[in-house]
Amino acid sequence: MTVDKIPKTMAGVVLTGHGGPDKLVYRNDLPVPRPGAGEVLMQVGATAINNTDINTRIGWYSKGVTTGTDAATSSGLASARHEDASWSGSPIAFPRIQGADCCGTIVAVGQGVDEGRIGERVLVRPMHAPSTTSRPYELVTFGSECDGGYAQYAVAPAHETFAVESSLTDAELASFPCAYSTAEGMLERAELKAGERVLITGASGGVGSAAVQLAKRRGAEVIAVCGEHKFDAVRALGADRLVARGTSLLEDVGADSVQVVVDLVAGPQWPELPELLCRGGRYVASGAIAGPLVELDVRTLYLKDLSLLGSTWQPRHVFENLIRYIERGEIRPQVAKTYALAEVHQAQQDFMTKQLAGKLVLTVAES
């Protein structure tokens with residue numbers, strides 16, 4: 001596509017504020033962004049639904065919120081404070097185009113970017129480094145601090161768009177960036193090794209199912225916690241053992257029995273997790289869908305020499321490795337259902353029911 005053929009307006013979904021699904025507005029008169037210096041313009045092929053989309057919409061990241069993510073999906077959270085209701089802890093500038101996942105094709109480049117990149121099929125790294133000289137832990141989240149993939153066109157820094165050679169569809173590729181980079185970042189932060197036992201909570205969700213595949217890729221023994229009706233789907237990903245959500249983990253798995261816990265749930269059952277870890281074990285979290293406030297017996301922490309790790313920022317090589325895993329066919333997409341972009345309300349509603357195993361993907365087509 002030549003620059004003169006790029007339309008001036010596009011279809012997209014804008015988030016107009018914190019609250020219920022009514023805050024997501026589908027429009028077909030949005031201006032097509034133009035790439036600035038060091039940026040590329042992509043025609044979006046597909047984007048996917050993630051917990052962070054819901055969390056941002058309802059204001060769950062605000063420290064004023066103490067409940068799980070399912071507490072106010074239809075109306076938002078009254079206790080959320082606008083000033084700290086984003087990943088960064090700073091106010092979101094509305095309107096905002098969400099969508100942390102993006103598979104697209106580069107159709108134009110800004111100043112300083114090689115025009116030879118036009119035509120590349122790319123994935124966007126969701127956790128941007130603000131610049132090529134950024135320090136560790138500095139980040140900008142695609143679809144949160146900047147506009148993302150819920151539109152026909154999107155811009156991103158050239159250094160954060162990664163060419164991918166794959167026969168997978170746009171929808172399948174769009175299922176990877178946010179969930180799989182989060183999971184790989186967690187496993188790297190926890191230094192999971194071959195032969196170790198890892199317990200993964202929320203194992204049927206996007207990040208959890210990615211963690212199952214990526215942990216097996218590392219040669220770990222995987223214990224997966226999820227709803228019983230999703231056992232077959234999670235077992236097919238490589239889980240060695242399935243534990244039903246809500247079961248006493250201490251009774252079913254046993255104390256001091258795993259080296260690593262990958263937690264995406266937190267909530268009331270959290271106090272069991274440190275007890276599951278053997279001495280010197282590592283706990284890593286990148287979610288708290290059942291509730292962010294938990295009770296910790298500090299004696300367990302220090303007497304067992306445990307490490308408690310948070311994981312949001314990822315070093316660049318995590319995403320570079322992910323691209324290689326995709327291209328070599330070492331991981332496979334888990335797309336449960338696809339929707340048109342205009343069906344974003346239904347997609348988010350279905351996402352929150354937690355009845356489907358795998359990713360829900362929005363396909364983006366020309367209007």
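Begin with the cysteines: across the whole of this predicted model, a search finds zero disulfides. Select cysteine 102, which takes part in no disulfide; the nearest cysteine sulfur belongs to cysteine 103, 7.1 Å away. Cysteine 102 counts as buried because its relative accessibility is 0%. Next, select cysteine 178. The closest cysteine sulfur to that of cysteine 178 is in cysteine 102, at 12 Å, which is too far for a bond. Cysteine 178 is also buried, with a relative accessible area of 8%.

Turn now to the open sheet. Select six strands, which follow the order E12-E11-E10-E13-E14-E15 with parallel pairing. Strand E12 (241–244) and strand E15 (307–310) are the edge strands, each pairing on one side only. From one strand to the next, the twist averages 20°.

The salt bridges come next; the whole structure holds 20. Select glutamate 196 and arginine 282, whose closest N and O atoms are 2.8 Å apart in a salt bridge. Glutamate 196 is in the loop between helix H3 (177–189) and strand E10 (197–200), whereas arginine 282 is in strand E14 (residues 277–285), so the pair ties together parts 86 residues apart in sequence. Both glutamate 196 and arginine 282 are buried.

Move to lysine 216 and aspartate 240, a salt bridge with its closest N and O atoms 3.0 Å apart. This pair links distant parts of the chain, 24 residues apart: lysine 216 lies in helix H4 (residues 206–217), and aspartate 240 in the loop between helix H5 (231–236) and E12. Lysine 216 is partly exposed, at 30% relative accessible area, and aspartate 240 is partly exposed at 43%.

Helix H5 itself contains aspartate 232 and arginine 235, three residues apart, about one turn of the helix. Their side chains meet in a salt bridge at 3.1 Å, N to O. Aspartate 232 is exposed at 59% relative accessible area, while arginine 235 is partly exposed at 42%. Then select Arg125, Glu160, Arg316 and Glu320, which salt bridges with shared partners join into one network.

Finish at the surface. Leu296, Val298, Tyr302, Leu303 and Leu308 form a nonpolar patch there, with about 450 Å² of accessible area together. Helix H8 (residues 298–303) contributes the largest share of the patch, three residues. Tyrosine 302 lies in helix H8 and counts as exposed, at 52% relative accessibility.

Notes. Residues numbered from 1 in each chain as written. Predicted model: local features only at pLDDT ≥ 70, side-chain atom pairs only at ≥ 80, totals over all residues. Heavy atoms only, no water. Patch = residues over 30% accessible without salt bridge, like charges linked within 9 Å, V, L, I, M, F, W, Y side chains within 5 Å. Areas by Shrake-Rupley, 256 points an atom, 1.4 Å probe, with all protein chains shown as cover. Salt bridge = Lys/Arg side-chain N within 4 Å of Asp/Glu carboxyl O. Helix = DSSP H or I, 4+ residues; strand = E, 2+ residues; numbered from the N terminus. Buried < 20%, exposed > 50% of the residue type's maximum accessible area, 1.4 Å probe, protein only. Pairing = 2+ DSSP bridges. Axes fitted to C-alpha atoms, helices over the stretch in contact; angles between N-to-C directions. Disulfide = S-S within 2.5 Å.
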